[in-house]
Amino acid sequence: MAEQATQTRQDASGRGSDEVAELREELARSKEEVLRLRDLLIGKDAELGTQRGRVAELEAGTARLLNIGSRLRAKVPSFVWKARAGLRGRRGSQD
Amino acid sequence: MPAPRFSILTPVFDTPADVLTAMLDSVRRQRFDDWELCLVDDCSSEPHVGEMLERAQREDPRIRVQRRESNGGIVAASNDALAMAGGEFVALLDHDDELDPRALAQVDAAIAATPEADYIYTDEDKIDRASRHSSPFFKPDWSPERMRTQMYTCHLSVLRRSLVDEAGGFDPEFEGSQDWDLVLKVTERARRVLHVPKVLYHWRTLESSAAGGGEEAKPWAFEAGTRVIQAHCDRIGLPAKAERDEEAPGVYHLRPRLVRQPSVSIVIPTAGQSREIRYEDIVLVTHCVRSIVQTSTYANYEIVCVVDSSVDPGTRDELRQIAGDRLRLVDYDEAFNFSAKVNRGAVRSDGEHVLLLNDDMEVVTPDWIERLAMYSEIPEVGAVGARLLWEDGRLQHAGVLFENGGYPGHIYRGFGGEFGGYSNNVLVAQNYLAVTGACLMTRRDAFDEVGGLSTTLPVNYNDMDYCLKQRADGRRVVYDPDTVLYHFESSSRSTEVEDWEKELLLDRWLSLTATDPYSNPGLKYGIPRLSGYVRARIRLPRLRSPLG
């Protein structure tokens with residue numbers, strides 16, 4: 001597995017050893033860049049997932065509050081209803 | 001009569017009357033009604049047993065009793081109970097133990113939430129003859145690697161009946177550890193395994209029981225455990241030999257028996273620093289490489305040192321002398337970025353497995369590479385870590401837990417090196433969300449798939465992030481306690497992490513780390529938080545009505 005200490009002057013395609021080394025280095029750099037981009041993609045995907053989770057959490061909280069609000073509204077008489085009831089009461093007492 | 005949800009299997013033999021009554025009462029007190037209790041009297045010699053069981057059967061049609069003509073032992077009696085059972089799930093209850101009144105209701109709720117669950121287990125504690133509670137066992141969520149070195153799920157275990165039948169019921173070959181064998185066989189086939197993190201089973205500590213007498217009470221059970229693990233490894237093709245821990249009862253070890261020797265690239269990023277180790281000033285990386293070459297028994301590895309351009313030629317020459325043909329030197333002349341250095345070394349190496357290693361390490365375990373490779377070869381495993389000790393022998397790393405709102409922390413950091421942990425969790429292999437990158441083996445395909453280490457985290461948390469990426473990709477992370485190295489990280493080193501690093505980790509992984517599945521609500525970094533447990537156990541005296 002050790003790196004070849006000696007390299008033939010020319011490989012099968014007739015390229016010089018310097019050129020082969022340069023190509024290998026370029027390949028390695030490309031692989032590093034692929035790793036970086038893949039990580040970036042996974043990272044952004046994970047961040048998106050977390051944000052989606054937060055949105056879902058907020059939506060659930062909002063729905064809970066809306067539900068509480070509507071239940072309260074159902075229990076507490078509205079201003080108009082109270083005003084009408086007041087008027088009716090006053091008329092009743094006048095009659 | 002329609003089939004019940006749960007069939008409780010209870011083999012009975014010469015159970016003391018008060019203990020048998022407590023067991024029966026605990027079943028009758030269940031808040032969930034859809035059960036049957038299958039009792040098999042294994043030819044008890046005490047006359048009260050038969051009488052009590054007959055009475056219980058008369059009083060409740062859900063209680064069914066069968067008596068064996070001869071004593072057949074726990075496996076035969078359990079199989080008889082299984083034959084009586086008609087339920088969708090079977091729950092295992094020993095004749096001297098008790099169920100919490102909420103047990104079946106909680107398990108049923110868990111199954112209702114996850115209908116594909118095939119095996120469900122709960123937390124447990126111990127009770128004495130006077131029903132005093134102690135020693136709660138707060139368990140992690142499903143951890144296949146731990147199950148191969150410790151029967152940690154134990155009580156209460158509830159298994160889908162159809163899978164129990166597929167597995168062939170209780171195997172007489174493993175008498176004493178038949179439950180462990182059955183659970184392993186069922187989980188090999190299971191779609192989902194659930195953990196209910198509540199103490200719902202009370203294991204009575206009688207002198208005659210394993211809970212009270214330990215290994216001395218049932219030595220054959222612990223011996224059978226070795227055979228259970230070996231049979232499991234053989235079935236799933238894990239190349240390992242099971243061995244029993246001579247000092248810690250119930251703890252087992254896997255010794256690698258690799259059928260092939262995959263190539264391993266050990267990647268060591270280094271700046272060529274020196275430090276005083278054992279009263280001697282040494283160059284860390286040369287010491288590390290020397291310990292690898294001198295200690296390792298593995299043959300098929302290379303060492304890839306990613307060296308800063310500032311590292312002097314003398315150190316480079318020394319590395320070449322020590323490692324010879326195994327060594328590959330890769331230059332790094334950019335601004336410090338640990339992740340970039342690791343990635344650079346990894347892409348310039350050929351091994352099927354990449355072993356990330358800090359330069360301030362010293363190998364202790366000769367077959368450390370074999371051990372890590374044994375786990376790393378499992379396709380569902382994405383990263384494997386080791387037990388690391390500081391120079392003074394204290395624990396530096398035995399796994400990582402995410403607590404305190406999703407932030408990572410090393411479990412038992414700074415505890416004594418001999419510390420076995422809570423329920424021996426330092427001594428047994430197990431899964432975590434992350435292990436330290438100071439010594440971490442990963443398969444190359446898994447490394448490439450997740451983009452290696454994140455260069456956006458140049459100093460801290462890149463190893464945590466890496467493990468979480470593996471986890472998000474569906475792979476497990478393993479801690480192996482039997483791979484030991486010294487980590488000469490100064491114990492007084494500042495572990496300060498920048499706020500932006502913390503935020504980035506949370507932004508990426510809070511959905512995974514908010515509730516660490518390998519912790520438990522009853523634990524904080526592996527230490528029991530007993531307040532909740534004690535509160536639940538306190539029984540207030542019943543107030544009598546003044547009216548009588």
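Modeller: Start with L156(B), which sits in the loop between helix 5 (144–147) and strand 8 (157–160) of chain B. Helices (H or I, at least four residues) and strands (E, at least two) are DSSP runs, numbered from the N terminus. The peptide bond leading from H155(B) into L156(B) is cis, with omega near -10°.

A word on the ground rules. This is a predicted model, in which local features need pLDDT of at least 70, side-chain atom pairs count only at pLDDT 80 or more, and totals for chains, interfaces and linings use all residues. Residues are numbered from 1 along each chain as its sequence is written, while chains are lettered from A and ligands numbered from 1 in the order in which they are written.

Two other loops of chain B hold a backbone point worth checking. C43(B) lies in the loop between strand 2 (35–41) and helix 2 of chain B. C43(B) is not a glycine, yet its phi is positive, about 60°. It has 16 C-beta neighbours inside 10 Å, so it counts as partly exposed. The scale is this: a residue is buried with 20 or more other C-beta atoms within 10 Å of its own, exposed with 12 or fewer, and partly exposed in between, with C-beta atoms placed from the backbone. N404(B) is in the loop between strand 21 and strand 22 (407–410) of chain B. N404(B), also not a glycine, has a positive phi near 55°. It has 10 C-beta neighbours inside 10 Å and therefore counts as exposed.

Now a buried site. V264(B) belongs to strand 12 (residues 264–270) of chain B. It counts as buried because it has 26 C-beta neighbours inside 10 Å. Y301(B) is 37 residues from V264(B) in sequence, but their C-alpha atoms are 4.6 Å apart. Leaving out residues up to four places away in sequence, V264(B) touches N300(B), Y301(B), G351(B), H353(B), L355(B), I369(B) and A373(B). Contact here puts the two C-beta atoms, placed from the backbone, within 7 Å.

Next, the helix pairs of chain B. Two packed helices are described by the angle between their axes and the distance between the axes. Axes are lines fitted to C-alpha atoms, for helices over the stretch in contact, and angles run from 0 to 180 degrees between N-to-C directions.

Helix 1 (residues 17–28) and helix 2 (residues 47–59) of chain B have axes that come within 10 Å and cross at roughly 20°. These two helices of chain B are therefore roughly parallel. The term covers angles under 35 degrees; over 145 is roughly antiparallel, 65 to 115 roughly perpendicular, and the rest oblique. A17(B), L20(B) and L24(B) of helix 1 meet H48(B), V49(B), M52(B) and A56(B) of helix 2.

For helix 7 (residues 178–189) and helix 9 (residues 219–236) of chain B, the axes come within 9 Å and cross at roughly 15°. That makes this pair roughly parallel. Helix 7 and helix 9 of chain B also cross in a right-handed way. Helix 7 brings W180(B), D181(B), L184(B) and E188(B), and helix 9 brings G225(B), V228(B), H232(B), R235(B) and I236(B).

Helix 10 (residues 284–295) and helix 11 (residues 313–323) of chain B cross at roughly 5°, their axes coming within 9 Å. So they too are roughly parallel.

Last, helix 16 (residues 499–513) of chain B. L505(B), R508(B), W509(B) and T513(B) of helix 16 are buried. The buried residues of helix 16 pack against helix 1 (17–75) of chain A, and against strand 21 (400–403) and helix 15 (462–472) of chain B.

That leads to the partner chain. Chain A has 2 helices and 0 strands. Of its 95 residues, 6% are buried. The contact between the chains takes 17 residues from chain A and 23 residues from chain B. On the chain B side, helix 12 (338–347), helix 15 and helix 16 each supply at least two residues. Helix 16 gives the most to that side, with 5 residues.

Notes:
A crossing is left-handed if the near helix is turned anticlockwise from the far one by less than a right angle, and right-handed if clockwise.
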